[in-house]
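Please look over the sequence and the structure first. The paragraphs after them go through selected parts of the chain.

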Amino acid sequence: MYYLLPFKFNIFNGKELLINDLGDYMIVPRGTVQRIANKNIEKDEELYKNLTASFFISETPVPELLDVMSVRLATRKAFLDHFTSLHIFVLTLRCNQNCIYCQASSREKELHGYDMSIDSLKKAVDLMFCSPSPCLTMEFQGGEPTLVPQLIRFAIEYAESKNENANKEINYVICTNSVNLTDEILDICEKYKVLISTSLDGPLFLHNHNRGKQDSYQKVIAGITKAKERLGQHRVSALMTTSEDSLNYPQEIIDSYRENQFHSIFIRALNPYGLARENKDWGLYFDRFVDFYKKALDYIIEINLSGEMFIEEFTTLILRKILTPFPIGFVDLQSPAGIINAVVVYNYDGYVYASDESRMLAEFNDYTFQLGKVSDDYLYLFYGEKVQKIAQLWATETIAGCADCAFQSICGADPVRNYSTQGNMYGFRPTSTFCKKHKAIIEHIFTLLTEQEERVLPIFKRWLTGTRG
Ligand code: SF4
């Protein structure tokens, strides 16, 4: 006699994949779930022991190791412990590039009226310090934030002075296209240990096409090289965005990262915001993106097998959720959602948004996720009616489709994406491209883990620990 504990399952490559809320998983023959539910698993079966040890069944109505289970669940949800830690400051909407997929609705760099005022910036930093989180990340975005070095300097110096009493751990990040990394900017980076997060879309022809400028690649590479020389290799990281053209060049993109001495890549799909939302057929794009991702990952695995350590970051985030008990800080894979709980955005015009994507919607006159102004009270902004409304729909555990999905504990909730692509925050999983992409990628990683374990597991473990083989 045994009792069922909560778990979800999926048909997976002719077998059944069982996953519980603690992140334990098992792959078992078809029909096993039916046997478990019918209480047909015999005590002397190996399966019985495995199901018990992995908290799928219990010999007592209340599991003896309930405390262990609760600690493990709390650990997986530990990203909630300290509330908002990532504070994004959109210092300007002006930019010096012209990216075809721009998600930030940027403006020409010569225009006026698109920079954050000192007064708004000061108030935004004050709000950041109201967060209970002992670790804060101030991320400067745009547009192109290096066009306003005086605002970066002011924000950091003001935060440093406030922190003399607050004693928080503060990390600084500038998200830049690296075209304008002047000595002034690098002085600030050196002095305050600022990380540079830049973007490189691949080889010259592709990068310049995506950026809408014929000399972008040379300028970006020169900027990256200069920043690495001045700040150190580890202080400069790059992100790529997969435009429709990029989908044809997985190997070329990865090789361009290697040629420029990067040891990792974050394969990132387009988001349906800003200019990118003009994209024609999102269903087709995501089908092609998943194919691109698989080819890229396979190529990266081959590179690792040849002895060169090169990490795919998105895969590593998912692996951390599958293979370790620890939470991750990546907002797209969190439930409750990363918006507000982990990230908030102070926009150049003095308004506060639930996420980076939320303020991008506002550029199209949709203020659904505008929480208020930087002059508003912290409790009103972060616990007010609007947040309470969003909070009703921000957990995979409670929304239809996700609630009984086998990948629920790995995936995340995104009411902003649901709203933007499907017209309401609740969303509809069968036609959601967010769901389609995550499901396909998570399934692919499970397939690799089960069908190519010997080939990929040592590599994946090294990615998780960051150790070279
Ligand atoms: S979005 Fe899709 S893959 Fe993710 S938990 Fe929900 S149903 Fe599962």
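**A walk through the model**

Phenylalanine 83 is placed in the loop between H3 and strand S6 (86-90). Helices (H or I, at least four residues) and strands (E, at least two) are DSSP runs, numbered from the N terminus. This is a predicted model, in which local features need pLDDT of at least 70 and side-chain atom pairs count only at pLDDT 80 or more, while totals for chains, interfaces and linings use all residues. Residues are numbered from 1 along each chain as its sequence is written, and side-chain values use heavy atoms, with hydrogens and water left out.

Phenylalanine 83 has a positive phi of about 65° although it is not a glycine. With a relative accessible area of 14%, phenylalanine 83 is buried (buried means under 20% relative accessible area, exposed over 50%, partly exposed in between, with a 1.4 Å probe and protein chains only). Isoleucine 340, in the loop between H11 and S16, also has a positive phi, near 70°. Isoleucine 340 is buried because its relative accessible area is 0%. Most residues other than glycine have a negative phi, and most peptide bonds are trans.

Two peptide bonds in the model are cis. One runs from glycine 142 to glycine 143, with omega near 20°; glycine 143 lies in the loop between strand S9 (135-141) and helix H5 (149-166). Another joins serine 335 and proline 336, with omega about -5°. Proline 336 belongs to the loop between helix H11 (313-323) and strand S16 (343-346).

Phenylalanine 326 is also in the loop between H11 and S16. At 47% relative accessibility, phenylalanine 326 counts as partly exposed.

Serine 70 lies in helix H3 (residues 66-76) and is partly exposed, at 42% relative accessibility. From serine 70 to glutamate 160 there are 90 residues in sequence and 38 Å in space, C-alpha to C-alpha. Serine 246 sits in the loop between strand S12 (236-242) and helix H9 (250-259). Serine 246 counts as buried because its relative accessibility is 0%. The side chain of serine 246 makes a polar contact with the side chain of asparagine 210, at 3.4 Å. A polar contact is a pair of N or O atoms within 3.5 Å; within protein, one must be able to donate a hydrogen and the other to accept it, and residues adjacent in sequence count only if both atoms are side-chain atoms.

Which residues surround the ligand? They are Gly401, Cys402, Cys405, Gln408, Cys411, Arg429 and Cys435, where a residue is near a molecule or strand if one of its heavy atoms lies within 4 Å of it. By class, this shell has four nonpolar, two polar and one charged residues. Ala, Val, Leu, Ile, Met, Phe, Trp, Tyr, Cys and Pro count as nonpolar, Asp, Glu, Lys and Arg as charged, and the others, Gly among them, as polar.

Finally, confidence. The protein chain averages a pLDDT (the predictor's confidence in each residue, from 0 to 100) of 92, and 96% of the residues score at least 70. Confidence in the protein chain is lowest in strand S8 (residues 107-108), at a mean of 70, and highest in helix H4 (residues 118-130), at 98. Where pLDDT is low, the predicted coordinates should not be read in detail.
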